[in-house]
Amino acid sequence: MDFDFLGDTMMKLLAGVPLTLQLTAISVAIGAALAILLAVLRAVSRPGEYFVRFYVFCLRGTPLLLQIFLIYYGLGQFAFVRESILWPFLRQPYWCAILALSLNTAAYGSEIVRGGLQSVPAGAIEAARAAGMSKLLMYRRIILPLALRQALPAYGNEMVIMVKSTSLASIVTLMEVSGISYAIISETYRALEVFLCAGSIYLVINFLITRAVAAVEYRITPHLRPVST
Amino acid sequence: MNLAVAVTDLRKSFGRNEVLKGVSLAAREGEVISIIGASGSGKSTLLRCIPMLEVPDGGEVAIAGETIRMRERHGRREPADAAQVNRIRGELGFVFQTFNLWAHMTVLQNVIEAPVHVQKRPRAECVAEARDILEKVGLGEKLDAYPAHLSGGQQQRAAIARALAMRPKALLFDEPTSALDPELVGEVLRVMRALAAEGRTMLIVTHEMGFAAEVSTRAVFLADGRIEEEGPPAQVFGDPLTERCRQFVGRHLNR
């Protein structure tokens, strides 16, 4: 075992962790907000339902890698995109990767939230109607709080998948953990050690995320635990 | 003489099944009306039509003299003004057979939810009032408990407290004890009896004939979507005029 090499590799890879975490955090945040919007849109309107189903069909049915390519190489071919105020963002691989990751996770996320919405007991909704709540208030105070609590465990899964999906951002030049590991390997040809180091970094990140999700889940579901009083 | 609740010629079908065939019923302020009848007679549907939880196909509903405006749209009848319906729902307290408390909120949060967010009253005032109400229904010790940690009887009493917190002009009970274990029925009926004694306007769909005979000022017997018999409880439960009511009451009192 060449511990010097391992240590050296580890230090280089750790430099990519902030980017991996940024890509994950930003796209999970945007994606989750979008997922909730899509799931609610699907639940409240018929045209909305068709739109969301088509959206999910497309984004779930094609590889994320291809989606990143499409956005990174494809968008710039349209003049109106190049002339839009968003171009300073969309010309950067960083924002292209975030856009692709967000749109992709929103598709999966909306299905998870949809499951949560379906689990809300009809009686809880009926009581909200009987109390005179408007549809908006009902979603804000009763339906979404119940649905999202139900959806959180499955959503934790999606977050873990997102951490791993950020490794695809390396193909549009982003030097996150995977990108750095490819670079080291092309210099040293020592794939085993480098990938083991990279893998262990992903393991630690995902361990921390699953623990954090479990902690949040515990906090927001006192009503599902045995009596504490 | 003010009418708290008035329904006129109410009609409702589910598919081909005509559940209400023209029912008219009025409750004066302070009246306690029990609505009895066999399963499928339309009594729950009648109650649910009052706050538009079911939209009637025909007829009118008025709460405290205000008629709920209806309109035709795409060949179906619906309330013309959602804001009016929401406001009127807030003036009625509805108690469900299955309690329907909001599981993610404590008892106190359940009770102040609509007063704070629908009626937009100050939170501190709502909390103080909710504490009093919960004390009154015997849940003063359970403010911070979640519904899942309560017995059925406690949950139903919390649901009654939630309805009372809206300062309703009338209380509507849809078989409030039917989902309870027999030994828990008494505590809920005790609370309802106290409310009746306070002079609250109440419409109660129930199978508890003894209770209904005791607390109601008037009883209504529904059969096949029509009011078959209506009168003081002594008549409806003691000496019914119609044969069907006589048979129904006889079957239930001798259970």
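## Helix α6 of chain B

Helix α6 of chain B (residues 182-197) has 16 residues and should therefore span 22 Å at 1.5 Å a residue; its end C-alpha atoms are 23 Å apart, which agrees. The expected span is 1.5 Å times one less than the number of residues. Helices (H or I, at least four residues) and strands (E, at least two) are DSSP runs, numbered from the N terminus. The model is predicted: local features need pLDDT of at least 70, and side-chain atom pairs count only at pLDDT 80 or more, whereas totals for chains, interfaces and linings use all residues. Residues are numbered from 1 along each chain as its sequence is written, while chains are lettered from A and ligands numbered from 1 in the order in which they are written.

The buried residues of α6(B) are B:V188, B:L189, B:V191, B:M192, B:L195 and B:A196. Because they cover an arc of only 160° around the axis, they lie on the same side of α6(B); the arc is that of the directions from the helix axis to the C-beta atoms. On the other side, B:E183 and B:A197 are exposed. A residue is buried with 20 or more other C-beta atoms within 10 Å of its own, exposed with 12 or fewer, and partly exposed in between, C-beta atoms being placed from the backbone.

The cover over the buried residues of α6(B) includes β3 (32-37), α5 (152-164), β9 (170-174), β10 (202-205) and α7 (209-215) of chain B. Just after α6(B), B:G199 adopts a positive phi of about 90°.

## Nonpolar cores

The largest nonpolar core has 125 residues, of which B:I35, B:L172 and B:L203 touch the most other members. Its largest share, 12 residues, is supplied by helix α7 (residues 93-119) of chain A. A second, separate core of seven residues includes A:I184, A:V194, A:C197 and A:A198. Such a core is a set of buried Ala, Val, Leu, Ile, Met, Phe, Trp, Tyr and Cys residues joined through C-beta atoms within 7 Å.

## Contact between chains

In chain B, 23 residues are in contact (C-beta atoms, placed from the backbone, within 7 Å) with 21 residues of chain A. The elements giving two or more residues to this side of chain B are α2 (82-90) and α3 (107-117) of chain B. With four residues, α2(B) gives the most.

How values were computed: Contact = placed C-beta atoms within 7 Å.
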